[in-house]
Amino acid sequence: MAKAISVSALTKKYGEIDAVRGIDFEVAAGETFGFLGPNGAGKSTTIKILCTLADPTSGSARVAGHDVVRERDTVRRNIGLVFQDTTLDSYLTGEQNLRFHADLYGVPKAAFAPRLRQVLEMVGLWERRGSVVGTYSGGMQRRLEIARGLLHAPRVLFLDEPTVGLDPQTRVSIWDYINELKRREDITIFLTTHYMDEAENCDRIAIIDHGEIVAIDTPEALKASIGKDRVQISTADDQAAIRALDEVFGVDSGVHEGLVTFSVESGEHFVPRLFAGMPVAIRSVSVSRPSLDDVFMSYTGKTIRDAEASIGDRNRRIATRFGRR
Amino acid sequence: MATKDIPAQDTITDDELALTETIRVAVPERSVRHDLRAVSIVWRRELIRFRTDRLRAITSLVQPVLFLFVLGTGLSTLASHGLPAGVDFKTFIYPGVLAMSVLFTSIFSAASIVWDREFGFLREMLVAPVRRWAIVVGKCLGGATVATFQGIIFLALAGVAHVPYDPLLLLTLVGELLLLSFTLTAFGVMMAARIKQIQAFMALTQLFVLPLFFLSGALYPLNGLPAWLTVLTRIDPLTYIVDPMRSAVFSHLSVSPLAVHALSPGITWFGWVVPLGLSLALVAFMGAAMLAIAIAEFRKTE
């Protein structure tokens, strides 16, 4: 099976700053692949190179079977792009924006009308197609951009932080549309995100930090690689419970969110032993699988929020030197 | 990817649409035809935006109307001493003010590129699989068309300045307006390629536009000027379009050849009268050169 994206030894330097430091990965056709990392980790730079908007400093990348530097136009014809910042003309109607796109991408005239309807219905904007885009809400504009990115039936759709700046409810609805799209269209999706819960929607994810890929696998496998489950119990005497956990089971624990919390391997097997051996009364138990937050923490030694705080300075330096656009 | 037979839009019902597979869209290999389609849509976008922005159309008429009626009327008693009998000062300045009516609109059309960059839409154009020239040419043609429309509205006021509504004259003036608008838009687009801030663009426009207008001979004849002003008028590109426009207007007035010679003497280079054709060719050449620079500039951007 042909690879939708293949990247080898890719680097990108902005002056003295290494934005991307030699990454390799492949994305199979039909896969939804996520780039997870804090802001400034190199996600946007990588996506820019794959979309032919920036040239790599070294290494190579192929998208839809074509080299992003040597066959730029062929790559462009085969990809759809949804950027972080809106790129719609807010003075035109939704339909006019899409017609503009169709003409720029040479969508056959006979195919335009039915395709227009299909993509607009997919994102729930068919009824609003005649309204000026300036009157759309943020979520509607993002959906319109997704529809536009799909209009010319690209083989690979790039979504750069598709839900950034949207309220939680709208984020969920955007994901409903993306999942619907995976079902309906034969398409590979490459997306970047710094939201852990969104990365769960991907078939595979790569965790990127400081311009390097630190882990790459399915969300389940990544979480399994951490091994331990998180167990939280509510007891009659927390201090006694913590002591007992240490003495009887040899487990370190602490009080988080008002509950005695600890990590063990296969928590569901541990719980019966816990009831048998615990000298204090247990009122409730919850066992949770490791989240991608835990995964990120175990690979990079920090939470994604810590990472964003520390990388802020570096990011600002890049921003001031090169501007955002 | 093969294109399926696609039924016309109105024959698809919602249920059918839900059941049909993805509508296949085979994006063709790039061709000149495809690039021309891109030129056309970029051009049409300018027209759509002009149509929805009536306020702009009205406000850009204010300045030329002020010049023609207020300045023209106010100065006419004073100017009548220097004018041959039967020639109104408003008639004299009409061609120059007509050129002015497209000046701001053309350059501000180009400013929309700076806006497009600010609001991200430029990116949508620059990432498309089309040649950059198609986008730049579409933009210049769009700006030229919109500005010429603006000029045509002002042309409707010709009668007030005692300029006859002669079809041939009107046609000539529209053609000259189109040439002027295209050149000015190309100039604006060339600047917009480099200038990323709208404030800076507006400031530069102000810096250029009034000197261009005042040095073009729009408000005074080109002969008998002091040497320094003679030189400056000959350098001003706008001179080379105002003169042919005035010459067209005067050739349709019933005034003595002597008066025509006094008021519309033509442009001279060291005593040599520059033919009208050469004048127009110069303007066209400048437009083409600035268009070429603009295209080269946009090829360089990301």
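Does Met290(B) count as buried or exposed, and at what relative accessibility? I looked this up in a predicted model. Met290(B) has 16% relative accessibility, and therefore counts as buried, the cut-off being under 20%.

I then placed Met290(B) in the chain. Met290(B) sits in helix α12 of chain B, which covers residues 276–300.

Next entry: helix α4 of chain B. I find 30 residues in this helix, 89–118. From first C-alpha to last, α4(B) reaches 44 Å, close to the expected 44 Å. I noted a kink of about 40 degrees, centred on Pro95(B). As for cover, 27 of the 30 residues of α4(B) are buried.

I looked at both ends of α4(B). At the start, the backbone nitrogen of Lys90(B) has a side-chain oxygen of Asp88(B) within 3.1 Å. After the helix comes Gly120(B), with a positive phi near 90 degrees.

Last entry: the second largest pocket. I read its space as about 580 Å³. By class, I have ten nonpolar, eight charged and five polar residues in the lining.

Conventions:
Residues numbered from 1 in each chain as written. Chains lettered and ligands numbered in written order. Predicted model: local features only at pLDDT ≥ 70, side-chain atom pairs only at ≥ 80, totals over all residues. Heavy atoms only, no water. Helix = DSSP H or I, 4+ residues; strand = E, 2+ residues; numbered from the N terminus. Expected span 1.5 Å × (residues − 1). Bend = angle between axes of the 7 residues up to and from the residue. Buried < 20%, exposed > 50% of the residue type's maximum accessible area, 1.4 Å probe, protein only. Polar contact = N/O pair within 3.5 Å; in protein donor to acceptor, adjacent residues only side chain to side chain. 1 Å grid on protein atoms, 1.4 Å probe; cavity = no way out; pocket = protein on both sides within 12 Å on 5 of 7 lines; lining within 4 Å. Points joined across faces, edges and corners; volume = space filled by probe spheres on them. Nonpolar A, V, L, I, M, F, W, Y, C, P; charged D, E, K, R; others polar.
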